[in-house]
Amino acid sequence: MVKIILKEITKKFGDFTALNNINLKIDDREFMALLGPSGSGKSTLLYTIAGIYRPTSGRIYFDDRDVTEVPPKDRNVGLVFQNWALYPHMKVFENIAFPLELRKVPRQEIEKKVREVAKMLHIENLLDRYPWQLSGGQQQRVAIARALVKEPDVLLLDEPLSNLDALLRLEVRAELKRLQKELGITAVYVTHDQAEALAMADRIAVIKEGKILQVGTPDEVYYRPKYRFVGGFLGNPPMNFVEAEVENGHLKVYESKIPVPAQYRELIEKLGIKEVLLGFRPHDAEVIKGIGEGLIGEVYSFEPLGREQIVTASIGGTFVKVFAPEGEHFTFGEKVTVKIREDRIVLFDKKTERALEFLEE
Amino acid sequence: MNKTSREKFAALSFFLSPMILMVVLFYLVPLFMTIYISFTRMRNWNVEKYITEFVGVYNYQRLFYMFQHDPTFKAVILTTVVFVGITLIINVFGGLALALATFFISEKPASTFRLLWLLPRMSPIAVYSLVWYYFFHGSEIGTLNSILMKLGIISQPIPWGQIVPWGAWSIIIFVNGLVGVSFGMIVFTSALNQIPKELVIAARVDGASAWEISRKILIPLMKWHFLYVLTWQFLSLLTTYPHIFLLVQWDLVNRDYGTTLALYVFNTAFGRGEQDQGLAAAAAVILSIMGIIGGYVTLKVLQFEKMMKRPRGDF
């Protein structure tokens, strides 16, 4: 079990900068999610931790040990892939035993350890099968077993659930989280699925274009995004953004006016900022029929989801999505007021798209 | 025949007829002609006179007799076995080694390196053979001789190709082996590129060396390609003769221990002096039977039928 420190990691492939000055600390026994869209560099970062890629510059530490130049096999990491990468010509037992065989562990001990880890992952009865005889979920377990059998210090997971169907994903998600805590292993988890990151991780690092935009607990990145991108990437549906002008203590959005939220009053005055982006989450607002206090718009569409519905309202041409309770009936084009919970509003600088409270960082 | 099966038959004929036509025209017809000629006294291309003169299995008896008593023909058979056997091993394992070696180095030098190995196959047969003709030439102008003499290893030029049997064999094996290696290399390289890179990464993270990755992961996953290259190269080595023909023609290698059965067939049917197509045809039939048996055995041993897939869908 180790803590991982990445110091000013840059990785270039030719002219392309995949990772740009990455600084990240991952605590011992922590479950860290690397979240970002495809091509953001999150997998590259994972493979750099594994030692598959050597950083162009910067250092990697496992505890106090500098492992930047250490080959993958001496880092004692377990790796799980999106496509599971099971060896197709080996049976499940041989697949799991392979890392131990390479370490020249005695046969008896291999037998014992493979059975142990297989039991932990509920695949004892599959040891005699070939990977192609298994379902996706079973293959996934075998891949995790293979990564865990050598008792790694760090478990690295590269989108391990993306190839599973939706229901199974939810199931494995819960189990994987529990397993990580039980084993007390440091885990780094790459995903493009924000729900997965929020559900499983202790902390999330949001990555875009090779840079870490924000690191924080699920609550922090969800409710206090540092960038418009972070707010827009997390949540389903994601955060809403509307342009607003600051006018003597009020935010003017199209033809509506709402007071500047209490938590921003001082800051706005101090910064003297005039144009902002107003961000809020779909469940932090309500839709009220008719014209009232709030952002005034009209219903563009509505989508019942069973327990609730998503109402899309057009506020002067900008669409916002808000959750509304079931049973309330809307009609297309109907005038509505979107009333936002003041304490949940996040304001961003319109130019840099940074949250105002982080503007001076 | 009901309507759908008639439609199916029409579609089948449409797609298969060009290939069937080609197989019949360029493979089956010559094959049956060869078998037919092997039972006649056909010689000197005097078709009118000999084409109907049946001699039964006389030509085969002659071959058998030669095999027992004629040292020249014995040499041809022995040369064929040694040439095909050793060149096959060099081609298949050399190709495999090159593919694996280039797999573990970065792409640019790897493709340059592979291109280099393709040169023998790309250059015209005569030009390529000429290069080795000068290289192995028996006089002091031969590259090999002049190098060895300059280094003081030998004092007299050595006529390499006339040292029988191994001198002659080494040269024909070397020259053909160099051409054949690139085939295996290309097939194995493309096979390696099909293997998901995660398998290799996983093995590396688990501590496997390049050798262990090759032996335990990559080679087992290339079984089918190995079988394909093995069978293909076996058949093509059994029937190839252009390079050997030139090297013998130019007197670089010994005539007896430089001639394989395929070249023997060619020489007997089309060579200088008396041409004996009846005998050549019989030898060609024997060669074909060897090829069929050899090919069948390799396919059987490596379980070719498992590789066959059922067509997708029922219609």
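Q: Helices are DSSP runs of H or I with at least four residues, strands are runs of E with at least two, and both are numbered from the N terminus. So what pattern does chain B follow along the sequence?
A: This is a predicted model, where local features need pLDDT of at least 70, side-chain atom pairs count only at pLDDT 80 or more, and totals for chains, interfaces and linings use all residues. Residues are numbered from 1 along each chain as written, while chains are lettered from A and ligands numbered from 1 in written order. Chain B has 14 helices and zero strands. Reading along, you get α-α-α-α-α-α-α-α-α-α-α-α-α-α.

Q: How far does the C-alpha trace of chain B span along its principal axes?
A: Chain B contains 315 residues. Along the principal axes, their C-alpha trace spans about 85 × 70 × 30 Å.

Q: Are α8(B) and α12(B) parallel, antiparallel, perpendicular or oblique to each other?
A: Helix α8 (residues 166-194) of chain B packs with helix α12 (residues 242-249) of chain B, their axes 10 Å apart and at an angle of about 140 degrees. Under 35 degrees counts as roughly parallel, over 145 as roughly antiparallel, 65 to 115 as roughly perpendicular and the rest as oblique. That's why α8(B) and α12(B) are oblique.

Q: Which residues of α12(B) make the contact with α8(B)?
A: Contact here means C-beta atoms, placed from the backbone, within 7 Å. On the α8(B) side you'll find B:I171, B:I172, B:V175 and B:N176. Facing them from α12(B) are B:H243, B:I244 and B:L247.

Q: What share of contacts in chain B between residues at least 6 apart in sequence join residues at least 24 apart?
A: Start with the contacts between chain B residues at least 6 apart in sequence. Among those, the share joining residues at least 24 apart is 68%.

Conventions:
Axes are lines fitted to C-alpha atoms, for helices over the stretch in contact, and angles run from 0 to 180 degrees between N-to-C directions. Two residues are in contact if their C-beta atoms, placed from the backbone, lie within 7 Å. A residue is buried if 20 or more other C-beta atoms lie within 10 Å of its own, exposed if 12 or fewer, and partly exposed in between; C-beta atoms are placed from the backbone.
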